[in-house]
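Work through these exercises with the structure open beside you. Try each task before you read its solution.

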Amino acid sequence: MTVIGSDARPPQSSRLSVLIPFTIVTLIWGSTWLVIKDQLGVVPPSWSVTYRFLVGGVTMLIYAAIRRERIALDARGWAFATGLALFQFCLNFNFVYRAETYITSGLVAVIFALMLVPNALFGRIFLGQRLGRQLLVGSAVAMAGVALLFVHEARHSPSGPGMALMGIGFTLAAIMSASTANIMQATGTAKHYPMAVMLGIAMLIGAGMDAAIAWTLTGPPVIELRPAYLLGVLYLGVIASAIAFTLYFGVLRIIGPAKAAYSGVIVPVIAMLLSTIFEGYRWSLLAGAGAALAMIGLVIALKARRPNR
């Protein structure tokens, strides 16, 4: 007689209901680095972040209204939305946009792949999620790939060591902020509220925080009427924020923050492919090996049966 236990079932991360949104999010966020780079220049970074999440928040609440969801939160919900706004939609993106003023978008994307480390550790500390052997092996392989990509990018960075260090510092700060928000989304509190309502309100609160920072640091609002800039704001607000965060947090609640962070491992590879097409990025043997290892590590980790719960 065959006994079918929990270990006989395929991991949730290998199901199409997870793989499809995971792939969509990865493709979307792999393209955002180029769009963000185009947002920098005339408009101060914090104002660009403000416009992005103003568009994203309004989009999410319109979607919630179409679904006839009640757009209201209790005291605990408002506290949670404010925390999510601070870490995800304020600190994270203000640091990312500033990082791209110092280093290339490809290098920011590469460093951001390191988020799988704090996601896994925070998940273990705050959520009690186990770090299975297969996940650790996959992480090690992927990290080796990211390291090779990092070395390649650092060698070819036109900014110089001092500017590069500033950019890396801003990116690491963004990683810690985003990882904190990821852990928040994996808690029972997050699952208690409709996602569209929670994200919409959090984005609008975040936009308010971003505007306060922007006004304090750079003065009144600045807008660029260049079509590419305006289309970039719409793309980042609707596609890369409203749609992508809904899909990403939905996946995160199923497979946990450690595995969900692997979208960040493959994102720099996509970013570099797009950079090859639009910015004349040139691949080396080192970069190719790093991209291959990152993808192999992703496959190994996503097949792990833990740490879902």
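Helices (H or I, at least four residues) and strands (E, at least two) are DSSP runs, numbered from the N terminus. This is a predicted model, in which local features need pLDDT of at least 70, side-chain atom pairs count only at pLDDT 80 or more, and totals for chains, interfaces and linings use all residues. Residues are numbered from 1 along each chain as its sequence is written, and side-chain values use heavy atoms, with hydrogens and water left out.

**Exercise 1. The overall fold**

Task: State how many helices and strands the chain has, and describe its contacts and its surface.

Solution. 
- Step 1. Count the elements. There are 13 helices and zero strands.
- Step 2. Check the contacts. Contact means heavy atoms within 4.5 Å. Take the contacts with a separation of 6 or more: 91% of them join residues 24 or more positions apart.
- Step 3. Accessible areas come from the Shrake-Rupley method with a 1.4 Å probe; for residues, only the protein chains shown count as cover. The chain exposes about 13,600 Å², and carbon and sulfur atoms hold 71% of that.

**Exercise 2. The inside**

Task: Find what share of the chain is buried, and name the residues with the most contacts inside the largest nonpolar core.

Solution. 
- Step 1. Buried means under 20% relative accessible area, exposed over 50%, and partly exposed in between (1.4 Å probe, protein chains only).
- Step 2. Apply them. Of the 309 residues, 51% are buried.
- Step 3. Define the core. A nonpolar core is a set of buried Ala, Val, Leu, Ile, Met, Phe, Trp, Tyr and Cys residues joined through side-chain atoms within 4.5 Å.
- Step 4. Look inside. The largest core has 74 residues, and Trp29, Leu84, Phe245 and Tyr262 have the most contacts within it.
- Step 5. Follow Tyr262. Beyond four places in sequence, its contacts include Phe22, Leu116, Leu135 and Leu298.

**Exercise 3. Helix H2 and what follows**

Task: Compare the span of H2 with the expected one, then describe Arg68.

Solution. 
- Step 1. Locate H2. This helix covers residues 45-66.
- Step 2. Compare spans. The expected span is 1.5 Å times one less than the number of residues. H2 has 22 residues and reaches 32 Å from first C-alpha to last, close to the 32 Å expected.
- Step 3. Find its nonpolar patch. Patches are made of residues with over 30% relative accessible area and no salt bridge: like charges are joined within 9 Å, nonpolar side chains (Val, Leu, Ile, Met, Phe, Trp, Tyr) within 5 Å. Leu54, Val58, Ile62 and Ile66 form such a surface patch, with about 370 Å² of accessible area together. Val58 is partly exposed, at 37%.
- Step 4. Move on to Arg68. Arg68 sits in the loop between H2 and helix H3 (75-99). Its phi is positive, near 60°, although the residue is not glycine. Arg68 is exposed, with a relative accessible area of 80%.

**Exercise 4. Val197 and its partners**

Task: Is Val197 buried or exposed, and which residues does Val197 touch?

Solution. 
- Step 1. Val197 lies in helix H9 (residues 195-218).
- Step 2. Read the accessibility. Val197 is buried because its relative accessible area is 0%.
- Step 3. List contacts beyond four places in sequence. Val197 touches Leu61, Ala64, Glu69, Arg70, Ile71, Ala72 and Leu73.
- Step 4. Note the distance. Val197 and Arg70 are 127 residues apart along the chain, yet their C-alpha atoms are separated by 7.8 Å.

**Exercise 5. Salt bridges**

Task: Say how many salt bridges the structure holds, and trace the network.

Solution. 
- Step 1. Define the term. A salt bridge is a side-chain nitrogen of Lys or Arg within 4 Å of a carboxyl oxygen of Asp or Glu. Side chains of opposite charge can pair when their charged atoms come close.
- Step 2. Count. There are three.
- Step 3. Take Arg226 and Asp38. Their closest N and O atoms are 3.3 Å apart. The pair links distant parts of the chain, 188 residues apart: Arg226 in the loop between H9 and H10, Asp38 in helix H1 (residues 16-39).
- Step 4. Glu224 is buried, at 14%, whereas Arg226 is partly exposed, at 30%.
- Step 5. Finish with Arg67 and Glu69. Their side chains form a salt bridge at 2.8 Å, N to O.
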